[in-house]
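Visitor: Could you walk me through this model, one question at a time?

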Amino acid sequence: MFEPFGRLWKQAPFRSTYDAVIVGGGLHGLATAYYLAKNHGVRRVAVLEKNHIGYGSAGRNTAIVRANQRTQENIPLYDEGLKMWPQLMDELDFNLMFFNCGNLNLAHSEAAMGALRLQVASAQYLGVRSELLDRKQCKELIPHLNISEDITYPVFGGMYHPPGGTVRHDALVWALAKGASALGVHIHQQTEVTGIAVHRGRVTAVETSRGTIHTLRVLNAAGPWSVLVSAMVDIRLPIHVLPIQAMVTEPLKPFLHHVISSGAYHCYANQSLKGEVVTGAHMDPWISYGTHVTAHYIKHQAEALTELLPCLRGVKFMRIWGGLADMTPDMAPIIDGNDPIEGYYMDCGWGYFGFKSAAVTGKYVAEYMATGRCPKILQPFRLKRYEENRLLGETASPPQYGPWN
Amino acid sequence: MSFTITCPICGKRDLYEFRFGGEERGARPDYENLTPQNWCDYVHLRTNRPGPQREWWFHRDGCGRWFTVWRDPMTNRETASSEATR
Ligand SMILES: Cc1cc2nc3c(=O)[nH]c(=O)nc-3n(C[C@H](O)[C@H](O)[C@H](O)COP(=O)(O)OP(=O)(O)OC[C@H]3O[C@@H](n4cnc5c(N)ncnc54)[C@H](O)[C@@H]3O)c2cc1C
Ligand SMILES: [Zn+2]
């Protein structure tokens with residue numbers, strides 16, 4: 001029944017010329033390469049990755065997917081992204097373990113209920129399933145939820161988003177690499193981009209640790225390191241690189257059937273198909289390129305989780321890890337191209353929203369790079385919006401009220 | 001792992017007692033020459049230096065003082081300013 005496992009993607013020769021070069025073998029880079037080859041016939045594409053593919057946040061996230069963002073500019077992109085999973089599994093012939101268990105985001109004050117009411121209304125207006133629940137309905141959904149009055153932040157109600165859930169993050173990395181490689185994309189690991197050559201306002205080449213590559217199109221998809229790649233062409237970005245941590249408990253009998261999150265407790269959790277409770281949200285609010293973990297956070301997470309789900313008292317954490325997030329002031333990404341350098345594109349600033357959006361964004365960024373024209377759905381994300389003071393307002397939800405994932 | 005910051009008043013303390021105030025980015029542009037570009041530059045754009053940089057910190061759970069230190073975001077450790085200029 002099972003055949004021996006072969007390599008998922010091919011070792012490719014290192015060429016000195018490509019039609020497009022992608023900096024970063026994360027999900028955004030791999031997805032863009034895949035769609036460049038698949039939808040636009042751009043076959044000579046190289047993905048350059050300084051470590052191994054999935055080394056960055058692609059392999060460290062908690063894999064939560066949802067489409068109930070806050071603003072009308074963001075919702076359509078995430079909505080299409082969420083609808084793509086079943087089709088993508090089929091198309092890539094890979095089990096991405098899409099589990100649409102639904103996400104419940106809790107509110108712990110009247111103000112939070114007000115904020116969620118607005119968020120639910122925006123989602124419904126744009127055709128995304130989302131509804132407001134009172135605390136009893138939250139309890140019906142998650143019987144182990146503590147809705148008593150004597151906790152730090154008593155539960156007032158919640159926002160329930162039935163179509164969201166989780167996807168296996170590593171599987172998506174492997175599937176996209178396999179799909180891209182089968183279409184002729186070259187994936188070069190252990191290859192660091194060290195410079196980008198620009199002549200008369202247009203990209204001409206990329207310098208790497210393995211030599212020069214001539215190309216007229218480059219995508220900065222370096223995730224948390226995108227600010228450093230951007231500095232190579234003297235473009236400063238409104239990004240803070242902040243460290244985030246996540247952890248898992250020992251496996252338990254199935255008891256938590258939805259993704260649960262709380263802005264006030266600064267915590268979210270879901271139970272994986274293996275039974276582990278995957279939980280995260282702690283972001284250290286200082287610039288860091290180190291992926292440390294801290295005792296401070298383990299304590300915080302234990303306190304938050306056991307107040308919300310008292311049945312977890314005494315359960316052990318098994319693993320903890322850290323990753324980085326490229327945070328923008330409005331919690332929306334920066335997707336731009338040919339401004340001011342012809343042939344230089346960027347897709348970065350995803351913060352902690354870049355997993356759920358990777359496939360759909362790759363699809364549209366590929367269109368952007370193939371045609372030179374920015375697809376309508378990506379137009380709100382230009383870098384110039386900061387100068388024009390047109391920030392996208394996603395920030396208004398997560399810190400106090402939103403899902404943190 | 002524990003990180004520390006040295007407050008000029010209270011000395012070396014656990015980093016979680018402090019609030020990060022961002023990288024030092026020079027004086028606020030003066031009102032006369034204000035353009036959308038230099039205002040955006042000051043308010044939003046950042047360097048995120050992968051090496052020692054001067055940063056603002058606030059001793060939130062302590063004496064309440066704002067001050068600057070040199071710190072390296074690669075290691076999350078304070079450094080001497082002389083090391084930073086090397
Ligand atoms: C703990 C944690 C939890 C998260 N949870 C969620 C979640 O639940 N849902 C969600 O949607 N998002 C989540 N995220 C965010 C999400 O993981 C990221 O936004 C997403 O992975 C970003 O993808 P990317 O392709 O832009 O970057 P990455 O996956 O980080 O890829 C960038 C790649 O570029 C490479 N690179 C960097 N510089 C160079 C160079 N000079 N040359 C060559 N290669 C280079 C890096 O090695 C890296 O592999 C989480 C993130 C973390 C850290
Ligand atoms: Zn002090």
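Visitor: Between which domains of chain A does ligand 1 lie?
Guide: This is a predicted model, and the domain assignment of chain A gives domain 1 (20-61 + 169-238 + 333-400), domain 2 (110-160) and domain 3 (240-327). The centres of domain 1 of chain A and domain 2 of chain A, taken over C-alpha atoms, are separated by 35 Å. Residues of the shell around ligand 1 come from both domain 1 and domain 3 of chain A, so the ligand lies between domain 1 and domain 3.

Visitor: How many residues surround ligand 1, and how many of the shell are charged?
Guide: The shell around ligand 1 holds 38 residues, and the closest are A:Glu49, A:Ser57, A:Ala58, A:Thr62 and A:Lys356. By class, the residues of this shell divide into 19 nonpolar and 14 polar, and the charged ones number 5.

Visitor: What is the geometry of the zinc ion (ligand 2) site?
Guide: The protein donors of the zinc ion are B:Cys7 (SG), B:Cys10 (SG), B:His59 (ND1) and B:Cys63 (SG), which lie 2.0 to 2.4 Å from it. For four tetrahedral donors, the ideal angle at a metal is 109.5 degrees. Here the angles among the 4 donor atoms run from 102 to 123°, and the site is tetrahedral.

Visitor: How many residues apart are B:Cys10 and B:His59?
Guide: The donor residues of the zinc ion follow the spacing C-x2-C-x48-H-x3-C in sequence. B:Cys10 sits in the loop between β1 (4-7) and β2 (11-14) of chain B, and B:His59 in the loop between β4 (53-58) and β5 (66-72), so that the pair links distant parts of the chain, 49 residues apart.

Visitor: Is the peptide bond from A:Asp339 to A:Pro340 cis or trans?
Guide: A:Pro340 is placed in the loop between β18 (334-337) and β19 (344-348) of chain A. With omega near 0°, the peptide bond from A:Asp339 to A:Pro340 is cis.

Visitor: Near what value is phi of A:Asn389?
Guide: A:Asn389 is found in the segment after α9 (358-371) of chain A. Phi of A:Asn389 is positive in a residue other than glycine, with a value near 60°.

Note on methods: Residues are numbered from 1 along each chain as its sequence is written. Chains are lettered from A and ligands numbered from 1 in the order in which they are written. This is a predicted model: local features need pLDDT of at least 70, side-chain atom pairs count only at pLDDT 80 or more; totals for chains, interfaces and linings use all residues. Side-chain values use heavy atoms; hydrogens and water are left out. Domain bounds come from an automatic or database domain assignment. A residue is near a molecule or strand if one of its heavy atoms lies within 4 Å of it. Ala, Val, Leu, Ile, Met, Phe, Trp, Tyr, Cys and Pro count as nonpolar, Asp, Glu, Lys and Arg as charged, and the others, Gly among them, as polar. Donors are N, O and S atoms within 2.8 Å of the metal (3.2 Å for Na, K and Ca); water is not among the atoms, so sites may look incomplete. Four donors count as tetrahedral if all angles lie between 85 and 135 degrees; four count as square planar and six as octahedral if opposite donors are over 155 degrees apart and all others between 65 and 115; anything else is irregular. Helices (H or I, at least four residues) and strands (E, at least two) are DSSP runs, numbered from the N terminus.
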